[in-house]
Amino acid sequence: MKKSSLIIALLVSSILTGCAVNLPFNNRLNYTSISQLSEIQKTKEIIVIKWNPTTFPQRIDIQGSDGFVGGGSRTRIPTGVALSSRIEEALSQFVQLSPSGNPLTITVDKARSGFEYSAGIFNITPAIDVANVTFTATFEYKNEKWTKTFISALKDPKIGGSSQTGLLDSAWDDIAVQVAKDVASHLNK
């Protein structure tokens, strides 16, 4: 009796303990996003992007999913890496980036990548089918300072998810496009 109780306790604790999940994320803008940015009027401005905190471009969050499936997982989500690289690529579509440019300081007030895994007992590999990304930042360029919140909420209608990480990648792309359009509206005044 004691042996079976011990085995059951061991099984339950191993099921409830979170496991590490490493997913294959992309850190580049997709073609559709770059196409959307081609509509922005190019400017002669030469800027250098300064991140605050300076460690934001290397930030990797270790978190569980927002949903029941994978809530106890320890998933490595490269929120800072993905957003900063995409935002820089998005801005480079209409301004010149150079270390000797005028500084555009981006102070990250909040950056969160929420996600949910597809439910289902037969899912061998986790697929993200809900992505909720929030990015709040204060921008400073020359004598102008403004704060804005950008939100992207996507849901994959396919049961089981279409891609392991594609939905969260798309949400980050969406945020980068929103940030670029906002910055462009301030630079092209």
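**Salt bridges and aromatic pairs**

Arg86, Asp169 and Asp173 are linked in a network of salt bridges (a salt bridge being a side-chain nitrogen of Lys or Arg within 4 Å of a carboxyl oxygen of Asp or Glu). The model is predicted: local features need pLDDT of at least 70, side-chain atom pairs count only at pLDDT 80 or more, and totals for chains, interfaces and linings use all residues. Residues are numbered from 1 along each chain as its sequence is written, and side-chain values use heavy atoms, with hydrogens and water left out. Searching the whole structure gives six salt bridges and five aromatic pairs.

- Arginine 86 and aspartate 173 form a salt bridge through their side chains, with an N to O distance of 2.5 Å.
- This pair links distant parts of the chain, as arginine 86 is in helix 3 and aspartate 173 in helix 4, 87 residues apart; helices are DSSP runs of H or I with at least four residues, strands are runs of E with at least two, and both are numbered from the N terminus.
- Both arginine 86 and aspartate 173 are buried (buried means under 20% relative accessible area, exposed over 50%, and partly exposed in between, with a 1.4 Å probe and protein chains only).
- In the salt bridge between aspartate 169 and arginine 86, the closest N and O atoms are 3.3 Å apart.
- Aspartate 169 belongs to helix 4 (residues 166-187) and arginine 86 to helix 3, so this pair ties together parts 83 residues apart in sequence.
- Aspartate 169 is buried, as is arginine 86.

**The Glu89 salt bridge**

- Glutamate 89 meets arginine 28 in a salt bridge between side chains, at 2.9 Å from N to O.
- Glutamate 89 is in helix 3 (residues 79-91) and arginine 28 in the loop between strand 1 (20-21) and helix 2 (31-37), so that distant parts of the chain, 61 residues apart, are linked.
- Glutamate 89 counts as buried because its relative accessibility is 11%, whereas arginine 28, at 52%, counts as exposed.

**Aromatic residues**

- One aromatic cluster is formed by Trp51, Phe56, Phe135, Phe139, Trp146 and Phe150.
- Rings of Phe, Tyr and Trp (its six-membered ring) pair if their centres lie within 6.5 Å; planes under 30 degrees apart count as stacked, over 60 as edge-to-face and the rest as tilted.
- Tryptophan 51 and phenylalanine 56 make a tilted pair, 5.4 Å centre to centre with 35° between the planes, and both residues are buried.
- The ring centres of phenylalanine 56 and phenylalanine 135 are 6.2 Å apart and the planes are at 35°, so this pair is tilted.
- Phenylalanine 56 lies in the loop between strand 2 (46-52) and strand 3 (61-63) and phenylalanine 135 in strand 7 (residues 128-141), so the pair ties together parts 79 residues apart in sequence.
- Phenylalanine 56 and phenylalanine 135 are both buried.
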